[in-house]
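Subject: A structure for you to explore

Hello! Here is the structure I promised you, with its sequence. Please open it and keep it beside you while you read my notes.

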Amino acid sequence: MTSKAKKLAQSIIESYKLAVPVDVNSLAEQEGILIREEALEDNVSGMLVIKDKQSVIVVNANHHQNRRRFTIAHELGHYFLHRSLSNVFFDESLLFFRDEKSAQGTKFQEIEANTFAAELLMPEQVLWERLSEKPLDALDDVESSALGELAAELQVSCQALTIRLTRLGLITG
Ligand SMILES: [Zn+2]
C-alpha cells in the first residue's frame, strides 16, 4: 500500500504549513539535509546519502528545475520513509511504475517515494479545490493553457501533472 506515503506527505504539509509551490529546498534544510547540485549522467536523477552528522541530497544540475524539484521531493520520501532500511538511495531514473502489485522490495520503495513526492508537490486537496467543479477535459484542456497554468503554479512538469490528474480522475475524456 502506498497510502502510508501519501498520509505522511499530508502530515508534513500540515505540520510545516506548506503552500504551493512547495519549497522542497527549505523543507530539506529544516530537516537538516544539505542539497547539492552536481552535473550527473543524464539518466541519474539524484541520490540521498544519510549520515549521522549531515545527510545530503544530490540532484542532477543538468535537469530542468521542475524535474530537480521532483527529484528532491522523491529523495525526501526516501528520507522520511526508508532511512531505517538503507543509508544510500541512488536514483537512475524516476520511473512511474504502472503495476504496483507486481513491484516488491526496492521497487516498492521507489513507488512509495514517488507517491510521497506527488502528494507533496501536487497535494490532492489543492487539485480538488482547483478542479473539482470543472475537471480538465483531456481533448480540450490538456493541450491548452489550463493545464500549463496549473503546472506553472505548482512548479511541476505538465507530464507529471497530467499523470497525477488522470489518476485522481480530474482529467476526463
Ligand atoms: Zn528512489
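This is a predicted model: local features need pLDDT of at least 70, side-chain atom pairs count only at pLDDT 80 or more; totals for chains, interfaces and linings use all residues.

In which loop does N43 lie? N43 sits in the loop between β1 (33-38) and β2 (46-49).

Residues are numbered from 1 along each chain as its sequence is written, and side-chain values use heavy atoms, with hydrogens and water left out.

**The overall layout**

The protein has seven helices and six strands. Helices (H or I, at least four residues) and strands (E, at least two) are DSSP runs, numbered from the N terminus. Along the sequence they follow the pattern α-α-β-β-β-α-β-α-α-β-α-α-β.

Of the 173 residues, 44% count as buried. Buried means under 20% relative accessible area, exposed means over 50%, and partly exposed is in between (1.4 Å probe, protein chains only). Among the contacts with a separation of 6 or more, 62% are between residues 24 or more positions apart; contact means heavy atoms within 4.5 Å.

**Back to N43**

N43 is partly exposed, with a relative accessible area of 39%. Leaving out residues up to four places away in sequence, N43 touches D91, E92 and S93. N43 and E92 are 49 residues apart along the chain, yet their C-alpha atoms are separated by 5.4 Å.

**The zinc ion**

D91 turns up again here. The protein donors of the zinc ion are H74 (NE2), H78 (NE2), D91 (OD), D91 (OD) and E110 (OE), at 1.9 to 2.7 Å from it. Donors are N, O and S atoms within 2.8 Å of the metal (3.2 Å for Na, K and Ca); water is not among the atoms, so sites may look incomplete. Along the chain, the donors follow the spacing H-x3-H-x12-D-x18-E. H78 belongs to helix α3 (residues 65-82) and E110 to helix α4 (residues 105-121), so this pair ties together parts that are 32 residues apart in sequence. H78 is buried, at 0% relative accessibility, and E110 is buried too, with a relative accessible area of 17%.

**Helix α5 and its two sides**

Which residues of helix α5 (residues 124-131) are buried? They are E124, V126, L127 and L131. Seen down the axis of α5, these buried residues fall within an arc of 160°, so they line one face of the helix; the arc is that of the directions from the helix axis to the C-beta atoms. On the other side of α5, Q125 and E129 are exposed.

Have a look at E124, which counts as buried at 19% relative accessibility. Not counting residues up to four places away in sequence, E124 touches K6, E119, R164 and L168.

**Helices α6 and α7**

The axes of helix α6 (residues 145-154) and helix α7 (residues 158-167) come within 9 Å and cross at roughly 105°. Axes are lines fitted to C-alpha atoms, for helices over the stretch in contact, and angles run from 0 to 180 degrees between N-to-C directions.

The contact is made by L147, G148, L150, A151 and L154 of α6 and by C158, L161, T162 and L165 of α7. Seven of the contact residues are nonpolar, two are polar and none is charged. Here Ala, Val, Leu, Ile, Met, Phe, Trp, Tyr, Cys and Pro count as nonpolar, Asp, Glu, Lys and Arg as charged, and the others, Gly among them, as polar.

The buried residues of α6 are L147, L150, A151 and L154. They fall within an arc of 100° seen down the helix axis, so they line one face of α6. The face turned away from that buried side carries the exposed residues E149 and A152.

**Some backbone details**

Most residues other than glycine have a negative phi, and most peptide bonds are trans. Q155, in the loop between α6 and α7, has a positive phi near 55°, and Q155 is partly exposed with a relative accessible area of 27%. K17 has a positive phi near 50°; K17 is found in the loop between α1 and α2 and is exposed, with a relative accessible area of 72%. P21 is in the loop between α1 (3-15) and α2 (24-30), and a cis peptide bond joins V20 and P21, with omega about -5°.

Enjoy exploring!
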